Amino acid sequence: LQMKAELARAVERGEFTVHYQPTVELASGRLAGVEALVRWQHPERGLVPPLDFIPLAESTGLIVPIGRFVLREACRQMRAWHDAFPSEPPMTVSVNLSARELDEPGLVASVRDALEESGLDPAHLVLEITESLLLVDLPATMRALLELRALGVRLAVDDFGTGYSSLSYLEDLPVDILKIDKSFVDRIGKTGPDDGPAQPVMVSAISKLGHALHLQLVAEGIEQEEQVSTLQELACQYGQGYFFARPLPSDALTELLAERA
Ligand code: G
Ligand code: G
Ligand code: MN
Ligand code: NA
């Protein structure tokens, strides 16, 4: 079967599942939330990672029903975790949106439906939009983001720093959170050009920018303990990465929450 036909069939059969990667408050180690990451449970090939099907899903438009599934499932699951493991503040759930979804006129209604159906407080849903995507059609994007924010959800710029964009847009966009791209976090602990430790110049600059704009900062792709302390020194409050946890199936996350409770 052609990949495109397989993907269409997968949508009909509901072969998708959602994994969750913890986001941690760096100072306390508290589990602050999770990022929802879709997986395709292929009947023969097993678990297919998003990079192997998201581009095709985007170009075919199948990302719209897939994204709607992720949104509903993530909201339902987080509401269930809130009920079973209440915490103060409650955990947040982040869902990735691609360009195609942001262009889709039904997006706002889908988000509203997912919230109503699950009973999740909108304040605990974060929608992640990659930086490069924000710049394609700024007026239309801005309208969509304002409508989403009017629902009470929060917005994050994903992969921040990789979009080669003018920074001026950040002052105008209704965003709440910057997710510092892994490529910048990777440099922490590496050797610099003079054989001394590389200075985390970009993370430091992004952190200052984020604070000046009153944005929350989340560092992505943390793999070493040393990166955690440096990020804290740079006033980055939250982090995500294999050092804390990989993306986990919902059952595994439920176990982790039960252990901590
Ligand atoms: O684990 P990781 O391989 O999960 O994800 C790879 C990429 O796929 C990331 O850039 C992530 O943003 C994207 N991605 C994961 N899940 C989703 C999703 O539900 N919707 C969209 N649009 N992108 C996703
Ligand atoms: O683009 P986005 O930020 O949505 O993608 C998150 C991606 O990063 C997922 O594929 C996830 O599995 C991956 N990821 C999360 N933490 C780490 C990490 O510590 N190291 C590496 N190599 N990848 C990570
Ligand atoms: Mn993301
Ligand atoms: Na990212």
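Leaving aside its neighbours within four places in sequence, with which residues is isoleucine 180 in contact? In this predicted model, where local features need pLDDT of at least 70 and side-chain atom pairs count only at pLDDT 80 or more, totals for chains, interfaces and linings use all residues. Residues are numbered from 1 along each chain as its sequence is written, while chains are lettered from A and ligands numbered from 1 in the order in which they are written.

Isoleucine 180 is in contact (C-beta atoms, placed from the backbone, within 7 Å) with Phe160, Gly161, Val185, Val203, Ile206, Leu217, Val218, Ala219, Glu220 and Cys236, its neighbours within four places in sequence being left aside. Ile180 also belongs to the largest nonpolar core, which has 65 residues and in which Ala36, Ala74, Cys75 and Ile180 touch the most other members. A nonpolar core is a set of buried Ala, Val, Leu, Ile, Met, Phe, Trp, Tyr and Cys residues joined through C-beta atoms within 7 Å, a residue being buried if 20 or more other C-beta atoms lie within 10 Å of its own, exposed if 12 or fewer, and partly exposed in between. Helix H3 gives the most to this core, with 9 residues; helices (H or I, at least four residues) and strands (E, at least two) are DSSP runs, numbered from the N terminus.

Helix H9 (residues 201–212) has among its buried residues Val203 and Ile206, together with Ser207 and Gly210. Seen down the axis of H9, the buried residues fall within an arc of 100 degrees (taken from the directions from the helix axis to the C-beta atoms), so they line one face of the helix. The face turned away from this buried side carries the exposed residues Val201, Lys208 and Ala212. The cover over the buried residues of H9 includes strands E6 (154–160), E7 (177–180) and E8 (216–219), as well as helices H8 (182–186) and H10 (225–233).

Around ligand 1 there are 13 residues (C-beta atom, placed from the backbone, within 6 Å of the molecule), of which Leu37, Val38, Pro50, Asn96 and Ser98 are the closest. The largest share of this shell, 3 residues, comes from H3. By class, the shell around ligand 1 has 10 nonpolar, 3 polar and no charged residues, where Ala, Val, Leu, Ile, Met, Phe, Trp, Tyr, Cys and Pro count as nonpolar, Asp, Glu, Lys and Arg as charged, and the others, Gly among them, as polar. The shell around ligand 2 has 4 nonpolar, 5 polar and 4 charged residues, and of its 13 residues Gly221, Glu223, Gly241, Tyr242 and Pro247 come nearest.

Technical notes: Contact = placed C-beta atoms within 7 Å.
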